[in-house]
Amino acid sequence: MEQRVLGRTGRPVSVIGLGTWQLGADWGVVLEEDALAVLDAAADAGVTFFDTADVYGDGRSEQLIGRFLKGRRDDGLTVATKLGRRLPQLPENYTLANFREWTDRSRRNLGVERLDLVQLHCPPSAVYSDDEVFDALDTLVAEEVVAAYGVSVETCEEALTAIARPGVASVQIILNPFRLKPLDRVLPAAEKAGVGIIARVPLASGLLSGKYTKETLFGSDDHRTYNRDGSAFDQGETFSGIDFETGVEAADEFARLAPPGASSAQTALRWIVQQPGVSTVIPGARTPEQARANAETMAMSPLPEQTLQAVRDLYDRRLRAQVHSRW
């Protein structure tokens, strides 16, 4: 597994990581033993970067990772968590006192003295311009509660504001073949500043797996049912903010770009890791087989220029207008 330095953290991390939202909540039920099997399969396949948040299953995802870590202390793993969503999304809630409370809870859940990386969890836009917020994060680093901090953003403008902050180690942003806007300014700015890029929602909530049809139904406890229009939380998250039916049609066309022997999902992940400035990509997995398949992406040859151009053409023809108008 290729390792890349995660920005200003200075840590080498696997270019294919693992997102663990699905192990906590909002993607249907995942049993504990199945969740631990996914974590083990990912690590055994070379994954060294795991992303979670304090609100995934109200801490369940962190707790499962904490159990998993007990047997992996010497494996060079990096765990990134997030904070900020335990209270209403108001700028005044982003205080040092709340940060201390939330990071203490995450440290207990994960069973660690110091968090490897803590990220602001898609806060209100005003937070990125608040010096006191970043002073508070600097305090946590000075107190050795966290080793480094970053941000998870919804918009390119938020990302660019965060990149200009000298203490920001990484930016987590939606990037996939159906969301190309970060390529224009965010990735070049991050690369120039030495800030790591964590690509999230890499499969557009599963659309880019190529397994869905317009008739596909998801459980009532799955955000792909209750947040399609962004009414439950951020609009750009579920299906990357794309109308589901349009996304299915585009995914069918994208699947035809997959090289022989590669799945549509692996092709999407391969496309992401080829973008200059990307440090790691964090697909989720609900089964050990999915975790291993994601890691096997790095056995693929790089996608040729004609495939990269075909992805751009697909985006421009089918998705650009909708993505730019809705998000």
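Is F99 buried or exposed in this model? F99 is buried, because its relative accessibility is 0%; buried means under 20% relative accessible area, exposed over 50% and partly exposed in between, with a 1.4 Å probe and protein chains only.

1. Ground rules. This is a predicted model, in which local features need pLDDT of at least 70 and side-chain atom pairs count only at pLDDT 80 or more, while totals for chains, interfaces and linings use all residues. Residues are numbered from 1 along each chain as its sequence is written, and side-chain values use heavy atoms, with hydrogens and water left out.

2. Overall make-up. The protein has 11 helices and 10 strands; these are DSSP runs numbered from the N terminus, with helices being H or I of at least four residues and strands E of at least two. Of its 327 residues, 57% are buried. Among contacts with a separation of 6 or more, 76% are between residues 24 or more positions apart, where contact means heavy atoms within 4.5 Å.

3. Aromatic pairs. There are 6 aromatic pairs in the structure. Rings of Phe, Tyr and Trp (its six-membered ring) pair if their centres lie within 6.5 Å; planes under 30 degrees apart count as stacked, over 60 as edge-to-face and the rest as tilted. One of the pairs, Y94 with F99, is edge-to-face, at 6.2 Å centre to centre and 80 degrees between the planes. Like F99, Y94 is buried, because its relative accessibility is 4%. Ring pairs also bring W102 into a cluster with Y94 and F99.

4. A tilted pair. The F134 and Y149 ring centres are 6.3 Å apart with planes at 50 degrees, so this pair is tilted. It links distant parts of the chain, since F134 is in helix α4 (residues 131-142) and Y149 in strand β7 (residues 149-152), 15 residues apart. Both F134 and Y149 are buried.

5. D51 and its partners. D51 sits in strand β4 (residues 49-51) and is buried, with a relative accessible area of 2%. Its side chain makes polar contacts with the side chains of K82 at 2.6 Å and Q119 at 3.1 Å. A polar contact is a pair of N or O atoms within 3.5 Å; within protein, one must be able to donate a hydrogen and the other to accept it, and residues adjacent in sequence count only if both atoms are side-chain atoms. Not counting residues up to four places away in sequence, D51 also touches others, including L18, T20, Y56 and I282.

6. T20 lies in the loop between β3 (18-19) and α1 (32-44). It is buried, with a relative accessible area of 0%, and its side chain has a polar contact of 2.9 Å with that of S61. Leaving aside neighbours within four places in sequence, the contacts of T20 include L39, D51, Y56 and I65.

7. Two packed helices. What is the angle between helix α2 and helix α3? Helix α2 (residues 60-69) packs at about 45 degrees to helix α3 (residues 96-110), with the axes 7 Å apart. Axes are lines fitted to C-alpha atoms, for helices over the stretch in contact, and angles run from 0 to 180 degrees between N-to-C directions. This makes α2 oblique to α3: angles under 35 degrees count as roughly parallel, over 145 as roughly antiparallel, 65 to 115 as roughly perpendicular and the rest as oblique. E62, Q63, I65, G66 and L69 of α2 meet S106, N109 and L110 of α3.
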